[in-house]
Amino acid sequence: MSHTFYIAMSYGIAGLISLCLIAWVWLDGRARRRELAQLEAAGIRRRSATATATAPEGGKA
């Protein structure tokens, strides 16, 4: 076998790993958004949502 085979295989494996990582992050993001929506529907709010609403002008406490 030639070096071309090994080079092509390394690019292929690197591309496959990259696609798997992208899919994992995308699916995990969807799951976190779904969990956040369920928590907000249950009445649980994020602390950051109330902190920005009650912060004085200029954004400093």
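Is aspartate 28 buried, partly exposed or exposed?

What we have here is a predicted model, in which local features need pLDDT of at least 70 and side-chain atom pairs count only at pLDDT 80 or more, while totals for chains, interfaces and linings use all residues. Residues are numbered from 1 along each chain as its sequence is written, and side-chain values use heavy atoms, with hydrogens and water left out.

Let me begin with the overall fold. The chain contains two helices and zero strands; helices (H or I, at least four residues) and strands (E, at least two) are DSSP runs, numbered from the N terminus. Helix 1 covers residues 3-41, and its 39 residues should span 57 Å at 1.5 Å a residue. The expected span is 1.5 Å times one less than the number of residues. The C-alpha atoms at the ends of helix 1 are 57 Å apart, which agrees with that expectation. Just after helix 1 comes glycine 43, with a positive phi of about 100°.

Among the 61 residues of the chain, 2% count as buried, where buried means under 20% relative accessible area, exposed over 50%, and partly exposed in between (1.4 Å probe, protein chains only). The chain has an accessible surface of about 5800 Å², and carbon and sulfur atoms account for 66% of that area. Such areas come from the Shrake-Rupley method with a 1.4 Å probe; for residues, only the protein chains shown count as cover.

This brings me back to the opening question. Aspartate 28 is partly exposed, its relative accessible area being 33%. Its side chain meets that of arginine 32 in a salt bridge, at 2.8 Å from N to O. A salt bridge here is a side-chain nitrogen of Lys or Arg within 4 Å of a carboxyl oxygen of Asp or Glu. Side chains of opposite charge can pair when their charged atoms come close. Because aspartate 28 and arginine 32 are four residues apart in helix 1, about one helical turn separates them.

Which residue forms a further salt bridge with arginine 32? The partner is glutamate 35, with the closest N and O atoms 2.6 Å apart. Arginine 32 and glutamate 35 are three residues apart in helix 1, so they too are separated by about one helical turn. Arginine 32 is partly exposed at 41% relative accessibility, and glutamate 35 is partly exposed with a relative accessible area of 41%. The count comes to two salt bridges, and Asp28, Arg32 and Glu35 are linked in a network.

Finally, I come to the nonpolar side chains. Phe5, Tyr6, Met9, Ile13, Ile17, Leu21 and Trp24 form a nonpolar patch on the surface, with about 760 Å² of accessible area together. Patches are made of residues with over 30% relative accessible area and no salt bridge: like charges are joined within 9 Å, nonpolar side chains (Val, Leu, Ile, Met, Phe, Trp, Tyr) within 5 Å. Tryptophan 24 lies in helix 1 and is exposed, at 59% relative accessible area.

The structure also holds one aromatic pair. The ring centres of phenylalanine 5 and tyrosine 6 are 5.5 Å apart and the planes stand at 75°, so the pair is edge-to-face. Rings of Phe, Tyr and Trp (its six-membered ring) pair if their centres lie within 6.5 Å; planes under 30 degrees apart count as stacked, over 60 as edge-to-face and the rest as tilted.
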